[in-house]
Amino acid sequence: MTRNTGFSRIALVLSLTLPGAALADPVADYQEFCAECHEADRLGGTGPALIPQTLKRMRGPKVEAVIRDGRVATQMPDFAEDLDETRIAELAAYLKTPLEIVPPWGEAEIMASRVLDEDYQAADAPVWASDPMNITLVVETGDHHVSVLDGDTFEVLDRFATPFAVHGGPKFSPDGRYVFIMSRDGWVQKYDIWSLQQVGRIRAGLNSRNIAMSGDGKWIAVANYLPNTLTLLSTDDLSVAEVHEIKGKDGTPSRVSAVYQAPPRESFVLALKDVPEIWEVSYAKHPDPGIFAGGLAHDWKIEGPTPQDTPFPIRKITTPDYLDDFFFDQSYEYVMGASRKGDGGQVIDLLIGQKVADLDLPGMPHLGSGITWKWGDTTVMATPHLKDGNVSVIDMTSWQTIKRIATDGPGFFMRSHENSKYVWVDVFFGPNKDAMHVIDKETLEIVRTLHPVPGATVAHVEFTRDGSHALVSVWEDDGAVLVYDAETLELVKTLPMRKPSGKYNVWNKITFSEGTSH
Ligand code: DHE
């Protein structure tokens, strides 16, 4: 049990000085009212972890309001009758203080968290008659579920519970049969789309960013903030293949900003948040010894490894600036990174391991949702800005910004499809959050702005396999997925959903469609 005695002392001082606060002892209140579901160490149990790393990231009502009023569509009850406003405020403040001791979360602890469903039965073929390549998943953050949609009829084939607070894109196995879903509390869930059943789940980190699937479909890499590690899981049975501690070349520990796969390079590439380095982790059968010193072929288990060797050797590249999020060109040679300060970017050539260009990218671009398309005789990459109302369009040959498209406010997500002449971008923040811009890929002009539900946030778009329909989230508790004809931009169907966020089409994802994020 982690008892934060420092906080108890503060609580004692407060209780002696603040009128009406005589009984406030947040540590005791936590143990009495919260620990049963969130565990004595605040790292989560049936309820999520109650630590600043998780709470800071959660959108929606403030912590105080959740304690007082409960959280709709979850098992979180209201404590208005048990706790007065002072005790609620102090309890919320306690939850926002970092843990004094982060418990070890290595291979043994991760493996102990693994649950494989006993009643899971692998089907020989899909138990439904839809096109397996046109299945689309909808993450419903309102009540932490995923809906499995037939991408032709838009019928819901299944709706299953996910771990609390899913973040980032789920990753499909290369054949599109399995999907792996990550939550901010570090849980990785494996679900079998053919049999519509969960296979199991494992807690790969205590607070995590995103996951990546290896090109050969054998490994899942989990980027963690807490602890400072990268966890590699076998996709087969979710067992731990390796836990890499993340420390820069000078020994500074670091969080991982994001990890993505680079299939032609047979590697994962990750950016470090607290050290100006990017790492390349090879999962190749025979990693190039000139680049990945200490690497072993993957049949190492048969041969027996020597202790200093690893089947996932790492190459570390020092970068001129810290990278936050990043984006690959279609050849996976170049990494386009956004600076942590959000005032620019850089291009790193992975072949030579050096910066080759600067990017004019102010306004905190959200590169993780950038997309590319052919434009004249070049390819452009476009990304929304999180801090101002612009979309930057960059020529991927010269690395120059060729256009900044003014939008009605900062946006989060962009999407297109090879068969569509339009790019869709949302206005996630501010008074125009109910707007969705449609941009012509050729003229780079906004040709239509949709306001499907006045006042309601609309965000994130995914296309069907053939690009004929665009699915838009009405990101509200009583929300919906709106299905548009992608050519005429007419609404053709409304699917009620609980605060839908991202949507992910099997085909677009496993073929790395240029109109979708990777
Ligand atoms: Fe995300 C993807 C980072 C906040 C919803 N977000 C990503 C990815 C990164 C990222 C690096 C790409 C990972 C991947 O798909 O493998 N997100 C960040 C942040 O740094 C930021 C700004 C702050 C943070 O909280 O960590 C952030 N993200 C949010 C939200 O507040 C969102 C809107 C709501 C939520 O559920 O947390 C949110 N992020 C998403 C979604 C994706 C995502 C839905 C997947 C988009 C896709 O189409 O692939």
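How many nonpolar, polar and charged residues does the lining of the second largest pocket have? The legend to View 1 gives the counts by class.

This is a predicted model, in which local features need pLDDT of at least 70 and side-chain atom pairs count only at pLDDT 80 or more, while totals for chains, interfaces and linings use all residues. Residues are numbered from 1 along each chain as its sequence is written, and side-chain values use heavy atoms, with hydrogens and water left out.

**View 1. The second largest pocket and its lining.**
The lining of this pocket has 23 nonpolar, 12 polar and 10 charged residues. In this count Ala, Val, Leu, Ile, Met, Phe, Trp, Tyr, Cys and Pro are nonpolar, Asp, Glu, Lys and Arg are charged, and the others, Gly among them, are polar. The second largest pocket holds about 1100 Å³ of space. Its lining is made of 45 residues, of which His38, Gly47, Pro48, Met76 and Phe164 are the closest to its centre. On a 1 Å grid over the protein atoms alone, a pocket is an open set of points with protein on both sides within 12 Å along at least five of seven lines, a cavity is a set of points where a 1.4 Å probe fits but cannot get out, and lining residues have an atom within 4 Å of a point. Grid points are joined across faces, edges and corners, and a volume is the space filled by probe spheres set on the points. Helix 2 (26–38), helix 4 (63–69), helix 5 (85–95) and strand 8 (197–203) each give at least two residues to the lining of the second largest pocket. Helix 2 supplies the largest share, six residues. Helices (H or I, at least four residues) and strands (E, at least two) are DSSP runs, numbered from the N terminus.

**View 2. The largest cavity.**
Rolling a probe the size of a water molecule over the atoms shows where empty space is left. A search of the whole structure finds three cavities of 30 Å³ or more. The largest cavity has about 90 Å³ of space. It is lined by Tyr260, Phe326, Phe327, Phe328, Leu367, Gly368, Ser517 and His518. Strand 17 (residues 323–328) gives the largest share of this lining, three residues. By class, five of the lining residues are nonpolar, three are polar and none is charged.

**View 3. The shell around the ligand.**
The ligand has 24 residues around it, and His167, Lys171, Arg184, Arg209 and His460 come nearest. A residue counts as near a molecule if one of its heavy atoms lies within 4 Å of it. An N or O atom in the side chain of His167 is 3.0 Å from a nitrogen atom of the ligand. For Arg184, an N or O atom of the side chain is 2.7 Å from an oxygen atom of the ligand. A polar side-chain atom of His460 is 2.6 Å from an oxygen atom of the ligand. Strand 9 (207–213), strand 13 (256–262) and strand 33 (500–505) each supply at least two residues of the shell. Strand 9 provides the largest share, three residues. The shell has nine nonpolar, eight polar and seven charged residues.

Side chains of opposite charge can pair when their charged atoms come close. A salt bridge is a side-chain nitrogen of Lys or Arg within 4 Å of a carboxyl oxygen of Asp or Glu, and by this rule the count comes to 20. In one of them, the side chains of Arg114 and Asp237 meet at 3.8 Å, N to O. Arg114 lies in the loop between helix 6 (107–113) and strand 1 (115–116) and Asp237 in the loop between strand 11 (229–234) and strand 12 (240–245), so the pair ties together parts that are 123 residues apart in sequence. Arg114 is partly exposed at 26% relative accessibility, and Asp237 is partly exposed at 30%. Buried means under 20% relative accessible area, exposed over 50%, and partly exposed in between (1.4 Å probe, protein chains only).

**View 4. The salt bridge between Asp143 and Arg159.**
The closest N and O atoms of Asp143 and Arg159 are 2.9 Å apart in this salt bridge. Asp143 is buried, with 13% relative accessibility, whereas Arg159 is partly exposed at 34%.

How values were computed: A polar contact is a pair of N or O atoms within 3.5 Å; within protein, one must be able to donate a hydrogen and the other to accept it, and residues adjacent in sequence count only if both atoms are side-chain atoms.
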